[in-house]
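Here is a short briefing to read with the model open beside you. Take a moment to find your way around, and then we can go through a few spots together.

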Amino acid sequence: MERAFYRNILIATDGSKNTQKAISYGIEIAKLSEAAVHALYVVNTSPIISDYWTIGKKNIYEIIRSEGEKAVSEVKKIGEASGVEVKEIVLDGYPSSVITDFAENNNIDLIVMGTLGKTGLDKLLIGSVAEKVARSSKVPVMVVRGKE
């Protein structure tokens, strides 16, 4: 019998500590199901963010992109230590849309991502990429609550 419940797992990371637990869960699930992992970081280039960038816009973008490359590289390092194949991806756009589009267009079986579990005013002001992905994705989403 072939174990093929998950073949491709997307771990969405923002490089913060709150995603560490989600990365661990995603890697462990991939290891158990012999799945490949796609580590994805999205550089937020939505108009709301980019309209405020003026002087140094290119430098700010390069700094953020570099942070994204470090974030997916860290996922790859953790995956390799567990014997899991990890592909590193850094894309531009609106994070929740890019995550769901990538999953739907790349045969992803499961999206794993972290959240701080904010509520009330914090959630209203900051929003939740994880919540938007969970609500709009056609692919199953596992949201792992991280530590604050």
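Does glutamate 34 count as buried or exposed? Glutamate 34 counts as exposed because its relative accessibility is 66%, where exposed means over 50% relative accessible area, buried under 20% and partly exposed in between (1.4 Å probe, protein chains only). Please keep in mind that this is a predicted model, in which local features need pLDDT of at least 70 and side-chain atom pairs count only at pLDDT 80 or more, while totals for chains, interfaces and linings use all residues. Residues are numbered from 1 along each chain as its sequence is written, and side-chain values use heavy atoms, with hydrogens and water left out.

**Loop residues with positive phi**

- Glutamate 34 sits in the loop between α1 (20-33) and β2 (36-44); helices (H or I, at least four residues) and strands (E, at least two) are DSSP runs, numbered from the N terminus.
- The phi of glutamate 34 is positive, near 55°, in a residue other than glycine.
- Asparagine 107 also has a positive phi near 55° and is not a glycine.
- The loop that holds asparagine 107 runs between α4 (95-105) and β4 (110-115).
- With a relative accessible area of 62%, asparagine 107 is exposed.

**Asparagine 8 and its neighbours**

- Asparagine 8 belongs to strand β1 (residues 8-12), and at 17% relative accessibility it counts as buried.
- A polar atom of the asparagine 8 side chain lies 3.4 Å from the backbone oxygen of asparagine 107.
- Leaving out residues up to four places away in sequence, asparagine 8 touches Ala35, Ala36, His38, Asn107, Ile108, Asp109 and Leu110, with contact meaning heavy atoms within 4.5 Å.

**Threonine 115**

- Threonine 115 is part of strand β4 and counts as buried, at 18% relative accessibility.
- Among the residues that threonine 115 touches, not counting those up to four places away in sequence, are Asn18, Ser128, Ala130 and Val143.

**Helix α3**

- Helix α3 (residues 57-81) has 25 residues and reaches 37 Å from its first C-alpha to its last, close to the 36 Å expected at 1.5 Å a residue; the expected span is 1.5 Å times one less than the number of residues.
- Its buried residues are Tyr61, Gly68, Ala71, Val72, Val75 and Gly79.
- Those buried residues of α3 pack against β1, α1, β2 and β3 (86-93).
- Glycine 83 follows α3 and has a positive phi, near 80°.

Key:
A polar contact is a pair of N or O atoms within 3.5 Å; within protein, one must be able to donate a hydrogen and the other to accept it, and residues adjacent in sequence count only if both atoms are side-chain atoms.
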